[in-house]
Amino acid sequence: MRDTAHQEKYFEDYVVTRLKAQGWKEGDTRRYDTERALYPDDLIDWLKDSGQDDKWAKIQKNNGERAREALTDRLAKALEQHGTMHVLRNGFSIAGCGHIDLSETAPEDNRNETVLKRYAANILRVVPQLKYHPARELAIDLVLFINGIPVATVELKTD
């Protein structure tokens, strides 16, 4: 019997290395919120870096120590109600803050600096061996995120 898990680890490392070479960030499963299925650090960084830092400030002002939880709870609810693609494309609203955009699409040309800056602020992250269950040690080989929202899972296999 061959040790396929060992071979898969090399394949996984190769994929992560190639993604990082293309500008992706490598994540840590310990930073993943298993209750809400989000990577909250990237969500907050996206708000700050995409010109929505005033909205994050309002969330903090209105919720104090619970700001992060209030934001992720509301996003998780929007994702459940409308689905990932809808929320990524259209954003969501949060009381006391207004509308929050969650991504910026590639600009058609280079004339609008604001759109270029927001597009560059998108955070692409790969998390290897993501432990997705809050109470058990179950893991997915790779999970791909955009601005803290999981968009794809990858289960690697070798022949």
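A: Helices (H or I, at least four residues) and strands (E, at least two) are DSSP runs, numbered from the N terminus. This is a predicted model: local features need pLDDT of at least 70, side-chain atom pairs count only at pLDDT 80 or more, and totals for chains, interfaces and linings use all residues. Residues are numbered from 1 along each chain as its sequence is written, and side-chain values use heavy atoms, with hydrogens and water left out.

A nonpolar core is a set of buried Ala, Val, Leu, Ile, Met, Phe, Trp, Tyr and Cys residues joined through side-chain atoms within 4.5 Å. Buried means under 20% relative accessible area (1.4 Å probe, protein chains only). The largest core has 22 residues. Ile-59, Leu-71, Leu-75, Phe-92, Ile-100 and Leu-102 touch the most other members. Two or more residues come from each of H2 (40–49), H3 (53–63), H4 (67–82), H5 (84–90) and strand S2 (92–94). H4 gives the most, with 5 residues.

Take Leu-71. Leaving aside residues up to four places away in sequence, Leu-71 touches Leu-43, Ile-44, Leu-47, Trp-56, Ile-59, Phe-92, Ile-94 and Ile-100. Contact means heavy atoms within 4.5 Å.

Now H2. Of its 10 residues, 7 are buried, so H2 is largely enclosed by the rest of the structure. Those buried are Pro-40, Asp-41, Asp-42, Leu-43, Ile-44, Trp-46 and Leu-47. They pack against H3, H4, strand S3 (98–100), helix H6 (113–121) and strand S4 (124–131). After H2 comes Gly-51, with a positive phi near 85°.

Key. Buried means under 20% relative accessible area, exposed over 50%, partly exposed in between (1.4 Å probe, protein chains only).
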